[in-house]
Amino acid sequence: MTLTSTDAEPHVARNYSPIPVTAATAEGAWVTDVDGRRYLDCLGAYSAVNFGHRHPRLVAAARNQLDRLTLTSRAFRSDRLEPFCAALAELCGKEMVLPMNTGAEAVESGIKVARKWGYDVKGVPDGQAEIVVAHGNFHGRTTTIISFSDDPDARNGFGPYTPGFVQVPFGDARAIADAVGENTVAVLIEPIQGEAGIVVPPDDYLPRVRALCSEHDVLFIADEIQSGLGRTGTTFACELWDVVPDVYLLGKALGGGIVPVSTVVADRDVLGVLHPGQHGSTFGGNPLAAAIGHEVVDMLSDGSWQQRAADLGAHLHARLRDFVGHGVVAVRGRGLWAGIDLEPEQGTGKEFCIRLAEHGVLAKDTHGSTLRLAPPIVVTEDEIDWAMDRFAEALDFSRR
């Protein structure tokens with residue numbers, strides 16, 4: 001079967017509305033479609049491709065492991081799992097790692113761990129645990145996670161919903177303080193909200209959340225699945241405010257753009273509440289995933305990727321700010337991560353992304369007229385300038 005860039009996908013369930021580009025190959029920050037046209041990838045698979053498409057170190061790690069061992073299930077040990085978990089725990093400054101696969105699995109696992117910790121350690125009555133979450137959150141689309149989502153597309157039509165969650169406005173630490181009660185076991189938030197449009201909280205928010213959680217014996221769970229592993233110019237977005245959560249939820253970039261890898265990372269007094277048979281995954285922590293994840297951790301260990309994201313991010317945001325008042329209402333973000341609110345006359349975000357693709361730049365819309373940019377950290381300053389010039393052309397296109 002030979003596809004062209006205009007072909008639809010009649011045999012694929014319509015749970016996505018993709019930009020009409022059919023990718024065939026990719027390398028670094030560039031994607032080539034089935035017709036041979038090249039695009040600068042400024043989405044990076046929602047941060048899953050932080051290190052670029054097919055990074056040589058990551059491909060080599062995958063190929064080496066493919067020749068050795070790919071899957072055992074957790075019924076047996078593998079020689080790759082403990083070294084990976086030890087390296088990741090050290091990167092996070094924690095003691096233990098629970099390996100899973102997808103980001104949503106990491107969130108679901110974090111919820112289970114928090115509830116178990118609440119019952120076994122904090123002494124919350126069985127079945128009464130509560131977790132405080134934020135409006136505008138995006139933690140995945142499983143049934144439990146959408147139960148505390150306020151996105152109607154993700155939530156409506158999928159009830160009944162899982163209880164045990166209290167929603168408060170994002171960025172409002174006082175609202176969290178008012179929501180925390182005797183049965184609260186955790187506060188689960190994204191340090192920077194990604195799907196909401198790269199929403200950055202006030203500078204006092206995360207430090208106050210950290211203090212509240214410590215004061216009330218509540219776990220602070222940071223969903224760093226999109227924001228972590230170099231994206232914001234630091235290893236974790238929490239570092240931007242000198243905050244260390246009790247639990248990190250990681251994914252996306254941890255798989256190097258090759259396989260799904262996610263984890264819950266915490267100290268032994270938190271993850272130690274799990275016992276054999278209480279949680280698991282056939283593929284979680286498989287040797288192939290562990291080998292690739294370990295290479296990702298090694299790449300981040302000297303801080304050079306984080307510094308590159310910080311430096312290039314400063315340049316990206318400087319270029320984007322020039323558009324404010326000229327087709328753009330506002331720009332937000334940190335590092336190589338930006339949310340862009342378009343002026344109404346530019347049309348919807350989806351329409352603008354299609355125009356951008358016609359100019360050779362891949363991006364994705366969210367919530368009507370907002371765009372998200374998250375180019376791979378391998379992108380160069382010249383490539384960013386090229387993308388910004390194409391961005392300007394797409395803005396002008398709508399006015400002709």
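# Close-ups of a predicted model

**View 1. Ala 338 has Leu 373, in β15, as its bridge partner.** This is a predicted model, where local features need pLDDT of at least 70 and side-chain atom pairs count only at pLDDT 80 or more, while totals for chains, interfaces and linings use all residues. Residues are numbered from 1 along each chain as its sequence is written, and side-chain values use heavy atoms, with hydrogens and water left out. Strands here are DSSP runs of E with at least two residues, helices are runs of H or I with at least four, and both are numbered from the N terminus. Two strands count as paired if DSSP finds at least two bridges between them. β12 and β15 run antiparallel and are joined by four bridges.

**View 2. The open sheet holds four strands, in the order β11-β12-β15-β14.** The pairing is antiparallel. β11 (328-333) and β14 (364-366) sit at the edges with a single partner strand each, so one side of each has no neighbour in the sheet. From one strand to the next, the twist averages 30°. Axes are lines fitted to C-alpha atoms, for helices over the stretch in contact, and angles run from 0 to 180 degrees between N-to-C directions. Zoom in on β11 and you'll see it pair with β12 (residues 338-342) in the antiparallel sense, over five bridges. Val 331 has Ile 340 of β12 as its bridge partner. As background, strands of a sheet pair through backbone hydrogen bonds, either parallel or antiparallel.

**View 3. β14 and β15 make a hairpin with three residues between them.** His 367, in the turn, has a positive phi of about 50°. Buried means under 20% relative accessible area, exposed means over 50%, and partly exposed is in between (1.4 Å probe, protein chains only).

**View 4. Helix α12 (residues 349-358) has several buried residues.** They are Gly 349, Phe 352, Cys 353, Arg 355, Leu 356 and Ala 357. An α-helix has 3.6 residues a turn, so residues three or four places apart point the same way. Just after α12 comes Gly 360, with a positive phi of about 95°.

**View 5. Helices α3 (residues 81-92) and α10 (residues 287-300) pack at an angle of about 30°, with their axes 9 Å apart.** That makes α3 roughly parallel to α10, since angles under 35 degrees count as roughly parallel, over 145 as roughly antiparallel, 65 to 115 as roughly perpendicular and the rest as oblique. The crossing of α3 past α10 is left-handed, meaning that the near helix is turned anticlockwise from the far one by less than a right angle (clockwise would be right-handed). On the α3 side, the contact (heavy atoms within 4.5 Å) is made by Leu 81, Pro 83, Phe 84, Ala 87, Leu 88 and Leu 91. On the α10 side, the residues are Ala 290, Gly 293, His 294, Val 297 and Leu 300. By class, that gives nine nonpolar, two polar and no charged residues. Ala, Val, Leu, Ile, Met, Phe, Trp, Tyr, Cys and Pro count as nonpolar, Asp, Glu, Lys and Arg as charged, and the others, Gly among them, as polar.

**View 6. Ser 78 sits in the loop between α2 (56-66) and α3.** Ser 78 is buried, at 15% relative accessible area. Ser 78 and Asn 286 are 208 residues apart in sequence and 7.9 Å apart in space, C-alpha to C-alpha. Skipping residues up to four places away in sequence, Ser 78 touches Leu 69 and Pro 287.

**View 7. Leu 249, in strand β9, is buried at 1% relative accessibility.** Leu 249 and Asp 223 are 26 residues apart in sequence, yet 4.8 Å apart in space, C-alpha to C-alpha. Leaving aside neighbours within four places in sequence, the contacts of Leu 249 include Ala 106, Val 107, Leu 188, Ile 221 and Val 264.

**View 8. Some backbone spots to check: Ser 47, Lys 252 and Pro 160.** Ser 47, in helix α1 (residues 44-47), has a positive phi of about 85° although it is not a glycine. Ser 47 is buried, at 1% relative accessible area. Lys 252, in the loop between β9 (247-250) and β10 (262-266), isn't a glycine either, and its positive phi is about 45°. Lys 252 counts as partly exposed at 30% relative accessibility. The peptide bond from Gly 159 to Pro 160 is cis, with omega near 5°, and Pro 160 lies in the loop between α6 (152-155) and β6 (165-168).
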